[in-house]
Amino acid sequence: MPMLLIRGFYDVKGSQPDGDTVAFTAGDPAEWDLVGGGLGRAVDHSATGRAKLRLDAIDALETHYGANRVHQPLQFAHAAREELLSWIGFTEVRREGESVIATAPDTVPGFVLTRGTDVHGRCIALAGRGAPPGDSGREIDVDPAVLRTTLNHHMLTVGLAYPTFYRSLFTSLRAEMTTTSAQARTEGRGLWASDDTLTGVKVADLSTLTDEAVLLPKLFRRLVDYLNLGTPPLACFPAFLAGMGDRFSSLSTGERCVGLHRAVETTNDATVRMTRPPEDLLFEDS
């Protein structure tokens, strides 16, 4: 899979990293203009080249979602954030709330491999540390061997992120991440021993989602958005999901679907669960 390589360094002071987003500064800020070949959305970055990365193909539990900054169970949300920073190479991190105010070392060299951005201008990337496997500002072929050296792969290996796939990711890389995540789930690593995504959770109120249920973050976000409408009965949640219009395919059946209600079940006792495992869903790029 050809991906653009950008060399630079991680500098998280003044930011709020979580388990799948982190600040990265390109050594040459002009190289951000190469992302996507100059087509589509531009990477939002500062004059010094600092941008926010959204780690491709993974989704960690939320530490601060939406206008009300709600979170998922912090045991795993914070564990993912700490694992991310430790893997990059930060040995000490000081915070005020969720914001980083100091680190040791100040910066850590690394690189990103990317093909584009998300709707917020974040660079969708595979994140690496140390010396890059090629020249900055040029495309390299990313195969499973390269993928296994990235932070994205590591977060699935330790079981602190869910696989969340979009169509732009090549099949060989998706297969490697599926295998890695399945092994972590089988061995009960990280969040998997507590995961409620397929078994289901009875949603009494928002605190069920913030303090108890360990769910695929995409399902969590949809539930929070629904509950923020007021106090609608959970029986109406499938209609809300249908209206959101998430487009995805089932990798096991080939079925193309519109609306996450096609992969979510809501019972009469307000129990919500996914009917398909996360790695079976292939979402359309937004």
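Glu 265 is partly exposed, with a relative accessible area of 32%, where partly exposed denotes the range between buried (under 20% relative accessible area) and exposed (over 50%), computed with a 1.4 Å probe on protein chains only. Its side chain meets that of Arg 273 in a salt bridge (3.0 Å, N to O), and Arg 273 also counts as partly exposed, at 26% relative accessibility. A salt bridge is taken as a side-chain nitrogen of Lys or Arg within 4 Å of a carboxyl oxygen of Asp or Glu. The model is a predicted one, in which local features need pLDDT of at least 70 and side-chain atom pairs count only at pLDDT 80 or more, whereas totals for chains, interfaces and linings use all residues. Residues are numbered from 1 along each chain as its sequence is written, and side-chain values use heavy atoms, with hydrogens and water left out.

The structure holds 18 salt bridges. One of them joins the side chains of Asp 59 and Arg 221 (2.9 Å, N to O). Asp 59 belongs to strand 4 (residues 58–59) and Arg 221 to helix 6, so the pair ties together parts that are 162 residues apart in sequence. Helices (H or I, at least four residues) and strands (E, at least two) are DSSP runs, numbered from the N terminus. Asp 59 is buried, at a relative accessible area of 2%, and Arg 221 is likewise buried, at 14%. Both residues take part in a network of salt bridges that links Asp 20, Arg 54, Asp 59, Glu 62 and Arg 221.

A further salt bridge connects Glu 284 with Arg 256, whose closest N and O atoms are 3.1 Å apart. Glu 284 lies in the segment after strand 17 (281–283) and Arg 256 in strand 14 (residues 256–258), so this pair ties together parts that are 28 residues apart in sequence. Arg 256 is exposed, with a relative accessible area of 58%, while Glu 284 is partly exposed, at 24%.

In helix 7 (residues 237–244), Phe 237, Phe 240 and Leu 241 are buried. These residues cover an arc of only 100° around the axis, which puts them on the same side of helix 7; the arc is that of the directions from the helix axis to the C-beta atoms. The face turned away from this buried side carries the exposed residues Ala 239 and Gly 243. Just after helix 7, Gly 245 takes a positive phi of about 70°.
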